[in-house]
Amino acid sequence: MNALLRRLRAELFATPADGALSVALIMLLSLGAFGFLRWALTQAQWAVVKVNSTLFAVGRYPIEQQWRLWLLTALLVAASGATWGLLRAHPRPDRTGVLWPRNDRLALVLLALIALALPSALGLTLAIQTRWWGLLLLLALCRWLAGRFGANLSSTGRRLAALVWPLLYLVGMVLISGGLGLVTVSPSEWGGLLLTLLASSFAILLCFPIGVLLALGRRSELPLLRWGSVLYIEFIRGAPLITLLFLGQNILGFLLPGGLAPERVWRAAWVLTFFAAAYLAEAVRSGLAAVPRGQLEAARSLGLSYPKALQHVVLPQALRVALPAMVGQFISLLQDTTLLSLIGLLELLGTARTVMANPAFLGRNGEVYLTLAVLFWGCCAALGLSSRALERRLDPHAVPSAT
Amino acid sequence: MTKGGLLALAVVGALMGCAAGNDAPGSPTMAKIRERGRLVCAVDGAVPGFSTVGPGGAFVGIDADFCRAVAAAVLGDPSKVEFRPVTAGERFVALGSGEVDLLSISSTHTLSRDAPGGNALSFGPVFFYDGQGVMVPAASGVRSLQELAGKPICVESGTNTELNLADRMRELGVAYQPLRFQSGEQAYPAYEQGRCAAITSDSSLLAAKRSGFKQPAAHVLLPELLSKEPSAKVTIQADPAWADAVRWVTHTLVQAEESGLTKANVEARLAAARRDPSQAEARRFLGVEGDFGRQLGLPADFTVRVVKAVGNYGELFERHLGSATPLGLERGLNRLWNDGGLHIAPPFR
């Protein structure tokens with residue numbers, strides 16, 4: 001306790017000027033916090049969020065088909081739990097692996113609090129509240145099982161286990177859109193957080209390979225490949241995203257005979273993908289530029305073919321350097337999906353616009369935008385945190401940590 | 001087969017197509033809708049009372065219900081609508097490129113949008129009479145535009161609204177201070193905080209925004225209008241048969257109100273008309289006699305289906321915009337012609 005006080009004193013009140021500044025700032029901050037709390041607890045009318053919570057979550061997805069989304073959530077939760085456990089069971093050789101360290105417990109407590117508080121605050125029915133509790137239990141169970149028995153998994157087994165994620169993505173697509181015996185749910189009925197996450201995850205996953213190819217193309221010695229890549233990247237970077245989205249929505253209908261143009265949700269997702277790929281290519285190119293030429297030359301002189309040298313020597317180093325820039329790109333891509341509301345898609349912001357226009361909730365803009373901000377912050381923080389964890393795991397110079 | 005033979009076949013085919021088109025009231029759009037089994041109807045999605053998404057995921061509003069009425073007329077089922085939210089900027093392109101069958105968005109009927117040399121669209125009868133209005137705090141005592149002399153008025157910059165205000169004030173010779181805002185999100189809070197003596201926009205929008213104020217009753221709309229904004233449902237000009245069908249669905253809603261047909265009583269009135277051959281007008285309107293439906297390429301009882309699906313025009317208005325709703329719009333010009341308003345349906349005969 002004394003140590004804490006001493007540290008606070010050293011950090012906040014080292015000199016009289018520091019002290020004055022600290023006092024002023026603390027007062028300003030608490031004034032803001034007080035004002036916000038007073039608004040949130042006494043003036044704000046949260047009914048707009050409670051009543052429309054399904055709309056914000058999945059948009060106009062038909063209610064009798066929503067079991068598919070619950071199933072998908074359960075699968076995702078199980079896979080997350082298993083991955084979490086496996087990562088703990090197989091720490092990097094230079095780290096010590098403790099199965100239930102403090103961070104994990106903290107995360108579980110936080111999740112439990114959210115699962116306890118949020119559904120009841122939203123006024124969800126008991127049946128749905130129980131489902132959230134079930135999901136939390138599933139997460140903990142998978143985490144425990146994978147942590148307990150995951151250490152016995154062979155390296156081939158681990159590689160196969162990683163394949164669960166792409167597989168799950170495909171399964172998720174089928175569950176969401178239908179087909180294979182399921183009732184088709186047209187993309188025009190997807191919305192809210194579901195559409196935001198779907199569009200951004202689709203674009204993030206696909207823009208990565210395209211971006212890497214473009215970056216390699218731009219550094220290639222074959223003129224056609226190089227100029228093609230340069231032309232593409234500069235064209236995309238020269239046009240605002242909203243222009244490209246409008247082009248995709250409105251001009252394709254004129255160019256292609258009726259019915260041939262893909263559903264407009266997909267058109268928008270592809271435009272996002274191609275747009276992000278150009279920016280990602282530049283991030284990857286900066287990574288490639290950071291790898292000394294000697295690396296490639298050494299790999300080639302060892303007898304590796306050019307693709308092998310790229311795959312095993314150059315790209316791993318380049319991508320590690322480019323990772324922070326790439327994740328920045330992904331986060332801004334996630335936020336760019338709000339532009340889809342301008343072309344009439346009901347993603348989070350589009351849903352918010354229509355909810356705020358509902359005669360029953362006119363003037364409730366603050367509540368709605370705040371909810372949106374929290375949701376977006378949650379998604380972006382998750383991306384940022386996982387990228388930092390990935391960076392640390394890939395860092396070749398990591399010091400073995402004590403915990 | 002030779003090239004010439006193919007060409008001849010194509011020409012004969014095209015001619016046969018034309019002949020078939022003249023014979024039956026076929027419309028490519030209606031054929032497309034029937035084949036697809038649903039109507040693709042463009043709505044704005046964020047205009048209070050006209051089209052918004054309800055908590056259950058269904059589109060609500062007078063514009064959304066018009067889509068349902070058309071689906072009921074063409075397909076016999078008001079639920080066979082795929083709603084397509086489009087923004088004001090891209091609505092005409094979406095219609096022109098065939099993305100949507102029908103625009104059910106408040107679109108003011110203007111010459112340049114209608115003319116073949118302009119947007120080349122086909123406008124139905126006026127569905128909603130709007131006009132640019134002015135809102136003032138009730139406590140200010142202002143009751144006419146002249147009384148706003150020298151006072152600041154909030155407008156959104158770069159809009160028709162701003163130009164209309166300037167035009168009218170110049171006509172009246174009243175000097176005022178325009179307080180320009182980039183968007184409504186800035187303009188309305190500024191007005192509510194008392195930074196300007198009045199705010200101007202479309203009357204329906206002003207009323208909608210007012211209902212979101214802290215004290216809605218403390219603000220009134222001036223009786224004067226600065227412009228006329230008659231809005232109508234829009235289809236492409238290249239398919240007159242489809243435009244006719246949409247036009248007569250609108251007329252059906254108005255005629256039903258005039259004849260006292262409601263969602264609740266239409267079945268009983270139909271049964272009565274069937275029994276009683278002397279109710280000539282009702283029998284024609286409800287499709288018991290004559291072949292109006294066939295002439296439009298619609299089912300004989302399309303009027304019954306429309307009214308059963310959404311009710312008459314008055315019911316639509318009261319349900320979504322009228323005094324029982326938070327918007328509380330006056331019917332004003334939107335009353336029937338025999339009640340002092342402007343809505344009139346041509347005779348069904």
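The largest nonpolar core holds 158 residues. A nonpolar core is a set of buried Ala, Val, Leu, Ile, Met, Phe, Trp, Tyr and Cys residues joined through C-beta atoms within 7 Å. Buried residues have 20 or more other C-beta atoms within 10 Å of their own, with C-beta atoms placed from the backbone. B:Leu39 and B:Val70 have the most contacts inside this core. Helix H13 (residues 264–290) of chain A gives the most to the core, with 15 residues. Helices here are DSSP runs (H or I, at least four residues) and strands are E runs of at least two, numbered from the N terminus.

This is a predicted model, in which local features need pLDDT of at least 70, side-chain atom pairs count only at pLDDT 80 or more, and totals for chains, interfaces and linings use all residues. Residues are numbered from 1 along each chain as its sequence is written, and chains are lettered from A and ligands numbered from 1 in the order in which they are written.

B:Val70 touches B:Leu39, B:Leu102, B:Val246 and B:Val249, leaving aside residues up to four places away in sequence. Contact means C-beta atoms, placed from the backbone, within 7 Å.

Two helix pairs come next. Axes are lines fitted to C-alpha atoms, for helices over the stretch in contact, and angles run from 0 to 180 degrees between N-to-C directions.

| Helix pair | Angle | Axis distance |
|---|---|---|
| H6(A), residues 102–121, and H7(A), residues 126–149 | about 170 degrees | 9 Å apart |
| H3(B), residues 62–75, and H13(B), residues 302–310 | roughly 145 degrees | within 8 Å |

H6(A) and H7(A) are therefore roughly antiparallel, a label for angles over 145 degrees. Their contact includes A:Leu108 and A:Leu111 of H6(A), and A:Trp132 and A:Trp133 of H7(A). Its residues are 10 nonpolar, two polar and no charged. Ala, Val, Leu, Ile, Met, Phe, Trp, Tyr, Cys and Pro count as nonpolar, Asp, Glu, Lys and Arg as charged, and the others, Gly among them, as polar.

In chain B, B:Asp65, B:Arg68, B:Ala69, B:Ala72 and B:Ala73 of H3(B) meet B:Phe302, B:Arg305, B:Val306, B:Ala309 and B:Val310 of H13(B). This contact has seven nonpolar, no polar and three charged residues.

The chains also meet. Chain B puts 28 residues in contact with 24 of chain A. Strand S2 (52–53), strand S4 (81–85) and helix H4 (91–96) of chain B each give two or more residues to its side. S4(B) supplies the largest share, three residues. By class, this side has 13 nonpolar, 11 polar and four charged residues.

How values were computed: Angles under 35 degrees count as roughly parallel, over 145 as roughly antiparallel, 65 to 115 as roughly perpendicular and the rest as oblique. Two residues are in contact if their C-beta atoms, placed from the backbone, lie within 7 Å. A residue is buried if 20 or more other C-beta atoms lie within 10 Å of its own, exposed if 12 or fewer, and partly exposed in between; C-beta atoms are placed from the backbone.
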